[in-house]
Structures are given as C-alpha cells and as structure tokens.
Amino acid sequence: MHSDPAVPVVQIQALVKRYGPKTAVDGLDLVARAGITAVLGPNGAGKTTTVETCEGYRRPDAGTVRVLGLDPVRQAARLRPRIGVMLQSGGVYSGARADEMLRHVAKLHAHPLDVDALIERLGLGSCGRTSYRRLSGGQQQRLALAMAVVGRPELVFLDEPTAGLDPQARRATWELVRELREDGVSVILTTHHMDEAEQLADDVAIVDAGKVIAQGSPERLCRGGAENTLRFSGRPGLDVASLLKALPSGSSAAEIVPGSYRVTGDVGPQLLATVTSWCAQHGVMPERIAVERHTLEDVFLELTGKELRA
Amino acid sequence: MTATGTYSPRPGAAPLGRMIAAQAALETRMLLRNGEQLLLTVVIPTLLLVLFSTVDIVDTGEGKAVDFLAPGVLALAVMSTAFTGQAIATGFERRYGVLKRLAASPLPRWGLMTAKSLSVLVTEVLQIALLTVIALALGWSPRGNPVAVFLLLVLGTAAFSGLGLLMAGTLKAEATLAAANLVFLLLLVGGGVVVPLDKFPEAARSVLELLPISALSGGLRDVLQHGAGMPWGELAVLTAWAVAGLAAAGRFFRWE
C-alpha cells in the first residue's frame, strides 16, 4: 500500500500555535512530499510543536494541517495506524525491556515488521533483559526509532532522531532512514544538525521563530545564496588579472593578503582544473588549496543573521 | 520505489480486542515486576492479615480475629491496586511519555483505559485468591451472599480507580507518589481495615464511614462476617465515589 505520490504527505497552511503568551508557531506553511523532509532550525524555532501538531497531539490555534490528506485531530483514528512516531524522549515503560516494548507496539499493528530482524538490524539484541531505564541513551533512541517503524507505516515522524548519539550510531540511524525511503516510506525529521539535513534530506525546510523561511533541496538551498569559494596560497604578487582572464565570466579572483588568493564563482571541477593549469603555466605551486562549499550553515546565517548552534 | 522492501508500507491497526488484551497483559506484567508495587499490593496486606490474626494486638471484637480481618484486608488489597498502585504507575507513565507515545499508536485512548482497568481486575483476582487461601488457612469462615461481595469489590474498584486516575492525571508524578502513599496509610488506619471504626470517637466515625475504604471494608464485613444481605448503604457510598471520581478523572485527566 502506497500513498498517492500526487498528494503531499504533509500539508500545513498558516499554522499558528500559542502556549499562553508565547507563540511557538507563527503562520507556518509547509508542504512535504514523499521522500525525506528535514525540518531544520535552532532550538525553540517551533520544530517540535509543528511535528506534534501533525501527530495529532496539538490542536492548531489557527491554520490547517493535513497529514496523508487527513486532519490529525478529527481523523486521528484513521491516521494513527498509518504513521510512525518517534518522540524526542521517553515513551517507554521504565520497567519494560527493549524487546518486550517493541513486541508490544508490534502487536498493536495488523502487519508489523519481523521484530527479531528489527532488533538485530538496530543492534538492540545486546540490551538483553535490561529494563528501559537502565539502557544507554543511544539504546533508548534506537528503541524509539524501532517503535516508530515496526508497524510498517507510510509516514514516519522522527523528532531529533540522532540527538546525543555518537557518530557511529548516527550513521546507523541515517542508513535506516535511507532504507525507509528506498522502500517507499516517507520521513519527516527535525534536526538542528546541518550535516544531518544535508546528508539525508531530499527536501529541507528551514524554520526560524515559528515560520518556514526557506525550503528546497540541500543543493538548491546552498546554490541559492553566496557563491562558492576556492582559496590557495602561492608566492606573493601573482598576476591576478591574467588568472581572471583564464576563468569563466562571472568569476572573481583576488589576492586577499600577500600570498593568499581567493577565487569565487561557479566552483566546480572545471574551475579547479582551470586554476591549477594556470598555476602550472606560470610555474606556481598552489599550496593549501581548498574549496569552500556554501553550506546550509551559511544559508541559515544569511537568512537569519544568526548562527544555528548558538 | 520497490513494493517488496523490508519496510514497504503495510499499515493497519490490529483488531481492537487484541490490542486491549496485549495492553492489559503488558500493564499487568509491569505491575507484577515492580518491587514497590508488590510490597503495596501483596506483602503489606498479607503481613497485616497474618500478624493481626495470630498476635492479639488490636481488639477486633467478638469472634475469631481472622473473621474480622479478612474482609478488611480484602478491601485494602482493592485500594492498594486500584488506587495507590494505579495512581503511582499511571503518574510515572504520564511523566515518562508512555501515555503520550501510546496515544499516537492505533490503540484508542478509551482502549488504553479499558486495558488499565482489566489489568487492575486481574491483579485483584490474584490478590484475592492469595489472601483467601491464607485467611482460610488461618481459620477464616466466610459467610454471606457472593453477589453482594462481587458488587462491593467491583464498585470499590471503580471508586478507587477514579480517584487514582484523577490524582495521576493532574499532579506531578512525584506528588502522586507521595500523596498516594500517604492516603494509603491514612485510610489503612482510619478506614476500618484492621482497626474497628468503633474505636474512634462518635463524631469522627460518622465522617470516616463515608470514606470509600470504610464503605468497602464495612460492607464486606457485614456480608462475610455477619452474613448480611445486600449492604445498600455501603453500595450507595461506593457508587457515589465511583461516579464522582471517574467523572472528575475524565474531565481533568491530562495525558502529558
């Protein structure tokens, strides 16, 4: 069973959600299609509130939310079996064992995954008879992830799925998320890690102060802003004008400080080859050559004027 | 997109009955595995029954001490599971996001509450079986109408469940833990469980008799010790508590 690819998996229009005097989500629009969508933003941007509204936990103060075409509050009974949910933390009986809880969630679904295979896949077998409260943070995270996918949902919501994980565990989680996509499961994940969004997502929605301020594929978002940069060191006083002539139009070249050069433009393999062959023709050994790609971090900085990990 | 991958979507809720049965089984296992809960639901009632039946500490009036004590301890067992145990467990489930996570599962909220009630009833059956065997070994000779006993136990369970869930769904988990244990202790002493209510001054007694624990212990004693018919007064008190408690819990319970 697949969702109709023409229907967005999540469609949010002008969502407003307030907690007392505080406005957590302030007129947020978001359309997420099949694939992996990352909701990226700093802590307090409204990511979790947005996702929890999609999961039916929060009632919008204004605006509309549709998940797989359904209203998450009024049509919750029809929606719940079709989605998988990973909360930011908790969600498990403190005295339950990992396999016991996972088997239980599996029993609430009609066609669950093979629990033993999933335990194996996520390395939860080593938890043995340990109760949830004594598991490591990473094991608790992986169990929560397993609980989100065990019911074979069409759409999975992962709230900060790799928060607090070591690099190896993060990569294992990313791998599973990619496998989900390959098998036709859509994923909405929140993160404040740029690299996670860049590595994983087909589509990134950057959220700040309760609004989506930019959305697109990581490549498109990174291309959108300032140009990429190539830097190299060489002997001081090179003929920059001659270098510029060799470069495609739209590029720039400058000696920033004596012996340190910067080239900007459409920095790709071709431009790199042009620069190095120019150096070869002029008997210059370019040292410490570096390509600085424009990252989501830069995009975020340009859009909001602040660092993401403040 | 392939249609045959490991994770290919195939969503669907399990049949409702199976979900509720699975949930009730899990809740019961969690309860029986928890040492503090067992202390409350099994060890304390058993100790009180054995100790006070064999050692003459409290004047239990005419007749065998066990005939007075067994109904009171059964009432205590119901309170320990339906009220104290359920309040503490549910309070921490709320605190640790268990209720929240289950609310996103195919199990409807009323299904979760039904499962909790089933789990309480299963636990009570185990408690009552154990305490009955011990009481009989101590020479208990129960009398009276089993239907009246059944009604008292069910209404008592409903009354205590309402109050326990009200507490768990409104207070912080730590506050629930403290308050539920304190109430357990106070009602153990002042609810006619092991200390006859006629030991209290007249004025206090008329108030204490309106407590759900007093109505349950008194009603069970009327039937099991004195062979009374339907204890209508006690049943009415328990019904009032059940209606008020469950309505308030339904109105004020917060899932997060």
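Predicted model: local features only at pLDDT ≥ 70, side-chain atom pairs only at ≥ 80, totals over all residues.

User: Let's start with chain A. How many helices and strands does it have, and what makes something a helix or a strand?

Analyst: Chain A has 11 helices and 13 strands. Both are DSSP runs numbered from the N terminus: a helix is H or I over at least four residues, and a strand is E over at least two. The C-alpha trace of chain A spans about 70 × 45 × 35 Å along its principal axes.

User: Why is His104(A) called buried?

Analyst: The cut-offs come first: a residue is buried if 20 or more other C-beta atoms lie within 10 Å of its own, exposed if 12 or fewer, and partly exposed in between, with C-beta atoms placed from the backbone. His104(A) has 24 C-beta neighbours inside 10 Å, so it counts as buried. You'll find His104(A) in helix H3 of chain A. Across chain A, 44% of the 310 residues count as buried.

User: What does His104(A) touch, leaving aside its neighbours within four places in sequence?

Analyst: His104(A) is in contact with Ala22(B) and Leu26(B). Contact here is about C-beta atoms, placed from the backbone, that lie within 7 Å.

User: How many residues does each chain bring to the contact?

Analyst: Chain A gives 35 residues and chain B gives 31 residues. On the side of chain A that touches chain B, the elements giving two or more residues are helix H3 (98-107) and helix H6 (167-182) of chain A. By class, that side has 15 nonpolar, 11 polar and 9 charged residues. For those classes, Ala, Val, Leu, Ile, Met, Phe, Trp, Tyr, Cys and Pro are nonpolar, Asp, Glu, Lys and Arg are charged, and the others, Gly among them, are polar.

User: How do you know that the length of helix H1 of chain B agrees with what a helix should span?

Analyst: The expected span is 1.5 Å times one less than the number of residues. Helix H1 (residues 16-33) of chain B has 18 residues and should span 26 Å; its end C-alpha atoms are 26 Å apart, so the two agree. Helix H9 (residues 212-224) of chain B works out too: its 13 residues reach 18 Å from first C-alpha to last, close to the 18 Å expected. H9(B) is also mostly covered, with 13 of its 13 residues buried.

User: Which residues of H1(B) are buried, and what makes them line one face?

Analyst: The buried ones are Met19(B), Ile20(B), Gln23(B), Ala24(B), Leu26(B), Glu27(B), Met30(B) and Leu31(B). Seen down the axis of H1(B), they fall within an arc of 165°, so they line one face of the helix; the arc is that of the directions from the helix axis to the C-beta atoms. An α-helix has 3.6 residues a turn, so residues three or four places apart point the same way. The buried residues of H1(B) pack against H3 of chain A, together with helix H2 (35-54), helix H3 (65-95) and helix H5 (109-137) of chain B.

User: What makes a nonpolar core, and which residues touch the most other members of the largest one?

Analyst: A nonpolar core is a set of buried Ala, Val, Leu, Ile, Met, Phe, Trp, Tyr and Cys residues joined through C-beta atoms within 7 Å. In the largest core, with 145 residues, Met101(A), Leu102(A), Ala146(A) and Met79(B) touch the most other members. H3(B) supplies the largest share, 17 residues. A second, separate core of 9 residues includes Phe232(A), Val263(A), Leu271(A) and Trp278(A).

User: What stands out about phi in Ala14(A), and why is this residue called partly exposed?

Analyst: Ala14(A) has a positive phi of about 50° although it is not a glycine. Most residues other than glycine have a negative phi. Ala14(A) sits in strand S1 (residues 10-19) of chain A, and it counts as partly exposed because it has 13 C-beta neighbours inside 10 Å. Leu68(A) also has a positive phi, near 50°, but with 23 C-beta neighbours inside 10 Å it counts as buried.

Definitions and conventions:
Residues numbered from 1 in each chain as written. Chains lettered and ligands numbered in written order. Contact = placed C-beta atoms within 7 Å.
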